[in-house]
Amino acid sequence: MAVDRASLTIHRELGSGGFGTVYEVDTPNGLLPEPTCAFKEFKSPGDAEVQNLKVLVAHRASMPNEDRAILDVFTTWPLEVVTDRGSVVGFLMRLVPSTFVESSIAQVGKTTSVLRSIDWLANPVHAKKSGAKVVVDADDIKTRLRYCAWLCRVVHFFHRNEMVYGDLSLTNILYSDSRGNPILVIDTDPVRIEAVSPPLAQATSPGMRPPEARGTNATNVQNAKTDLFKLAVLLYNVLGSSMRIDPKLSALQGKIDSTGIQMFARALGSDRDRRPTAEEWYRYFYNRYMALIETPKITAMEIDPPHGLSGQSVTVGWQVQGQERLVLHTPWGDVHDLSVSAPDSLQVTLRGSGQFRLVASNSNGSTEWVSDVVHVFTPPRIEFLKVPALQDVSRMITGLDMESFGGLLEPERDLRWVDELLQQVTPPPLPEIIGDSSLQVPDLGSLLLPADGLTHALTDAMETAERSVREKSVEPYFRVEDVAGQEGAALHE
Amino acid sequence: MTGMSFDIDIDPLPRTELVLDLPGSDWNAELVVPAVTVLSDRMLAQPHLDEVFRLIVVRGGTSVFDSAVQPLDPGCNPDVILRGAVPRHGAVDAIEESRTGLTVVIDSAERIVGDRVGRSAWPVLLWTVGDRANERLIRTHGDCKPARTVADPDESSDRLALVCRQFLDEVAMSEEPEVHRWMDNRLSSLLTGMGYVAS
């Protein structure tokens, strides 16, 4: 039911600006439990603003009691429109509680009261310098995570109720040191209800314009996705205590883990479909906050591949929660002090056998995890010799399977053979009696070229080569162009 | 992930500059101090202005205050600002350039010279004071060629403070600050009753 402006008892002006003026007035019957409320009177409202105001009031009235109670606690939502001679001139809303006001901010020669917007949370040095009562240090990440979680919870509530906030900004969200309701969203009259509100231009604050609202194909219509972009900017401002965002997300490094960093990268990118929802953010911040108030947990650690050759690169991966510091100790004594925001894996070059040790710590204590033993082998040293072409023995049977032998020598090949060998570290006991019929020795002799035969073949090949050299009267050194299996392997100068 | 770059798409935060240029070696305290006080109070009460707004005071051709490298402290008296006594932190070279700005040149109509206007990187609002400000308004405007010239023989400090405050609210805090549009659309209403010439 609209309230007639003439029936309002105005106590004082609370503020004014381009939009109009806000007054403190007596609360009309039963609108709120508090004796006074705020009356925002527009300077010159447009038709869309007036229509939207009616939509917002009706939307609140249609909400389930539980949701309406949440809306009233966490916002200064329009409760009722105010009319003057039948025309809407403004609306009534709750007053901002004193817990969201900084009452003694230093000025030139005096102090003043200001709304405690998250602007102050993003600038702790300025807040401290100006005499703010609630100052959250830049490195107090737990408290900042808590505010972020609450902010995401409120934005999720909006989106669940089809509300598009629009001008999410540092000055439209207030915070208090209250445990129960630390966030208050103000300036809600330009909020749109999806599919219900009339077309309404919603503002954007400096540095908050989403990618889809820029460029030649820009759209000015805001929606939950644009809210999510702006939300990510605010979360960055609050967590990083910084207004300027760079591609390295520098202000967040060392403050949140790699999962959070990846979420910010998605949220601040141009693909709006990849932006985390407010609910995803809420769950992340809640879980991260909870993890930080307990001892860190390491739930997995894996070396891939589990064994290898000296000098080979392996990936050490882990799953950790609640760490403020992470250190990886290698079996050969190296210590990698990893950033909180580092990825959950690290490439290392094997230098010795042993166990990796991962230590995660925070203000509540430390946890460590020791890996399985990693066996590191030194590959055989291969010396390459210059030899003349072995024309006549190029197809000689050596008894070695070159395909599988090559696999053993090349590190990038499958190294499961190391595991298989390790399973046979303890050899089976030999039978006591050599003549035991259970001892089966394979007859390899028939498969191999006899040693004498091999010697003769090599001698023949060398003599043939020498003859060829003498006949052609050329220098005794040649390069081998083609040997492998070619009948006519040629020697060239 | 330290050192790794991400494919983010952020609109750079625009910074808007307001230059108060006082050509004489002295300054007209009654006129200038209220404007500097208004700006100081706003900057102290709104922390995000540190990033989007830059106040520069030039006196006698020398920069005596730059909020980007001389952060205001509570209780910082405007006299201290105008005297150039606010301590510096950091180098001006390291500061990202402002996207746009306005230079307000404040001087006597008899003394003002055009080169102050020509040297400004931003549109200039020439604020002339002195008994003959109205009389010399057109000529001064023609000689110096600023974007706007105002004659203020009464040295009405509230008007200058109002212009500065509105510039801060309506341009510096705008997502797309446009000084020329603001001058075209808003400035004249702030100067009602004063001698005023626009190019």
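Me: Two strands pair if DSSP finds at least two bridges between them; on that basis, what order does the open sheet of three strands in chain A have?
Reply: In this predicted model, the three-stranded open sheet of chain A has antiparallel pairing. Strand E13 (297–304) and strand E18 (345–349) of chain A each have a single partner strand, so they stand at the edges, with one side of each left without a neighbour in the sheet. Neighbouring strands here are turned by 20° against each other on average, direction ignored. Read across the sheet, the order is E13-E15-E18.

Me: Which residue stands opposite Val314(A) in E18(A)?
Reply: Strand E15 (residues 313–321) of chain A and E18(A) pair over five bridges, in the antiparallel sense. In E18(A), the residue that stands opposite Val314(A) is Val348(A).

Me: Which are the edge strands of the open sheet of six strands in chain A?
Reply: This open sheet has mixed pairing, and its strands follow the order E1-E5-E6-E4-E3-E2. An edge strand here pairs on one side only, and that description applies to strand E1 (3–4) and strand E2 (10–17) of chain A.

Me: Which residue of E6(A) stands opposite Val82(A)?
Reply: E5(A) is joined to E1(A) by two bridges, and these two strands run parallel; in E5(A), Val82(A) is the bridge partner of Val3(A). Five bridges join E5(A) to E6(A), and this pair runs antiparallel. In E6(A), the residue opposite Val82(A) is Gly90(A).

Me: Which residue in the turn between E5(A) and E6(A) has a positive phi?
Reply: The two strands form a hairpin with two residues between them. A positive phi of about 50° belongs to a residue in that turn, namely Arg85(A).

Me: Which helix supplies the largest share of the side of domain 1 of chain A that touches domain 2 of chain A?
Reply: The domain assignment places domain 1 of chain A at 1–95 and domain 2 at 107–293, among others, and the centres of these two domains, taken over C-alpha atoms, are separated by 25 Å. Their contact takes 18 residues from domain 1 of chain A and 18 residues from domain 2 of chain A. H1 and helix H2 (65–74) of chain A each supply at least two residues of the domain 1 side. The largest share, seven residues, comes from H1(A).

Me: What is the relative direction of H5(A) and H6(A), roughly parallel or roughly antiparallel?
Reply: The axes of helix H5 (residues 141–160) and helix H6 (residues 224–240) of chain A come within 10 Å and cross at roughly 170°. The contact includes Arg144(A), Tyr147(A) and Leu151(A) of H5(A), together with Asp227(A), Leu231(A) and Leu235(A) among the residues of H6(A); by class, it has 10 nonpolar, one polar and two charged residues. Because angles over 145 degrees count as such, H5(A) and H6(A) are roughly antiparallel.

Me: How many charged residues are on the side of chain A that touches chain B?
Reply: Between the chains, 39 residues of chain A are in contact with 32 residues of chain B. Elements that each supply at least two residues on the chain A side include strand E7 (101–107), strand E8 (110–115) and helix H7 (258–267) of chain A. That side divides into 18 nonpolar and 15 polar residues, while the charged ones number six.

Me: Is Ser40(B) buried or exposed?
Reply: Ser40(B) lies in helix H1 (residues 29–45) of chain B. Leaving aside neighbours within four places in sequence, Ser40(B) is in contact with Val108(A), and also with Leu72(B), Cys76(B) and Pro78(B). Because a residue needs 20 or more C-beta neighbours within 10 Å to qualify, Ser40(B), with 24 of them, counts as buried.

Key. Residues numbered from 1 in each chain as written. Chains lettered and ligands numbered in written order. Predicted model: local features only at pLDDT ≥ 70, side-chain atom pairs only at ≥ 80, totals over all residues. Contact = placed C-beta atoms within 7 Å. Helix = DSSP H or I, 4+ residues; strand = E, 2+ residues; numbered from the N terminus. Nonpolar A, V, L, I, M, F, W, Y, C, P; charged D, E, K, R; others polar. Pairing = 2+ DSSP bridges. Buried ≥ 20, exposed ≤ 12 C-beta atoms within 10 Å, placed from the backbone. Domains from an automatic or database assignment. Axes fitted to C-alpha atoms, helices over the stretch in contact; angles between N-to-C directions. Parallel < 35°, antiparallel > 145°, perpendicular 65-115°, else oblique.
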